[in-house]
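Q: I've got a model open and I'd like to learn how to read it. Can we start with the charged pairs?

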Amino acid sequence: MDPEEFEKNNKLDRLTELFTKIIEGKGNKELFELYSNDIDVLLPREVITVIDRIMKSDIGMEELKSGISRILNVVHLQLKKPDWKPDPENYFFHFMQ
């Protein structure tokens, strides 16, 4: 894929493409470098959304099982980051005081 076309795709589409390639066993250094900007700012909810998209595709369950393990190896650091930070002024417990 040429770089201009790559940038036109939205992030979820690019991640779906990346995860599908990983499941197909096509993950390599060049692929991860191409998608590094998306991987670095990946949110846990985006992983869930993309995995859901892939689960609805025609990829077999056995491929999905091993592929999702490989995906988690790639994105595990990003999954440890908090997805949101509560606003102390609008947080539920603030109103209980």
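This is a predicted model: local features need pLDDT of at least 70, side-chain atom pairs count only at pLDDT 80 or more; totals for chains, interfaces and linings use all residues.

Q: How many salt bridges does the structure hold?

A: Seven. One of them joins the side chains of glutamate 24 and lysine 26, at 3.4 Å from N to O. Glutamate 24 has a relative accessible area of 43%, so it counts as partly exposed. Another is formed by aspartate 52 and lysine 56, with their closest N and O atoms 3.1 Å apart. Here the two ends fall in separate classes: aspartate 52 is partly exposed at 37%, while lysine 56 is exposed at 66%.

Q: Now the inside. What should I look for?

A: The general idea is that in soluble globular proteins, nonpolar side chains tend to be buried together. In this model the largest nonpolar core has 17 residues, and those with the most contacts inside it are Leu18, Phe19, Ile54 and Ile71. Helices α2, α5 and α6 each supply at least two residues of this core.

Q: Which helix gives the largest share of this core?

A: That's α2, with five residues. For a close-up, pick leucine 18: leaving aside residues up to four places away in sequence, it touches Leu31, Phe32, Tyr35 and Ile39.

Q: How do I read which side of a helix faces inward?

A: An α-helix has 3.6 residues a turn, so residues three or four places apart point the same way. Now try that on α6, where Leu64, Gly67, Ile71, Val75 and Gln78 are buried. The elements covering the buried residues of α6 include α2, α4 (36-40) and α5 (44-55).

Q: There's a glutamine in that list. What does glutamine 78 touch?

A: Not counting residues up to four places away in sequence, glutamine 78 touches Ile39, Asp40, Leu42 and Pro44. Its place is in helix α6, and its relative accessible area is 9%, which is why it counts as buried.

Q: How can I tell whether a helix is straight?

A: Compare its end-to-end distance with what a straight helix would reach. Helix α6 (residues 61-79) has 19 residues, and at 1.5 Å a residue a straight helix would reach 27 Å, but the end C-alpha atoms of α6 are only 23 Å apart.

Q: Where is the kink in α6 centred?

A: On asparagine 73, and the kink is about 50°.

Q: Last one: how should I read a loop residue?

A: Check where it sits, how open it is and what its side chain reaches. Take asparagine 28, in the loop between α2 (11-23) and α3 (29-34). Its relative accessibility is 34%, so asparagine 28 counts as partly exposed. The side chain of asparagine 28 also reaches the backbone nitrogen of glutamate 30, at 3.1 Å.

Technical notes: Residues are numbered from 1 along each chain as its sequence is written. Side-chain values use heavy atoms; hydrogens and water are left out. Helices (H or I, at least four residues) and strands (E, at least two) are DSSP runs, numbered from the N terminus. Buried means under 20% relative accessible area, exposed over 50%, partly exposed in between (1.4 Å probe, protein chains only). A polar contact is a pair of N or O atoms within 3.5 Å; within protein, one must be able to donate a hydrogen and the other to accept it, and residues adjacent in sequence count only if both atoms are side-chain atoms. The expected span of a helix is 1.5 Å times one less than its number of residues. The bend at a residue is the angle between axes fitted to the seven residues ending there and the seven starting there. Contact means heavy atoms within 4.5 Å. A salt bridge is a side-chain nitrogen of Lys or Arg within 4 Å of a carboxyl oxygen of Asp or Glu. A nonpolar core is a set of buried Ala, Val, Leu, Ile, Met, Phe, Trp, Tyr and Cys residues joined through side-chain atoms within 4.5 Å.
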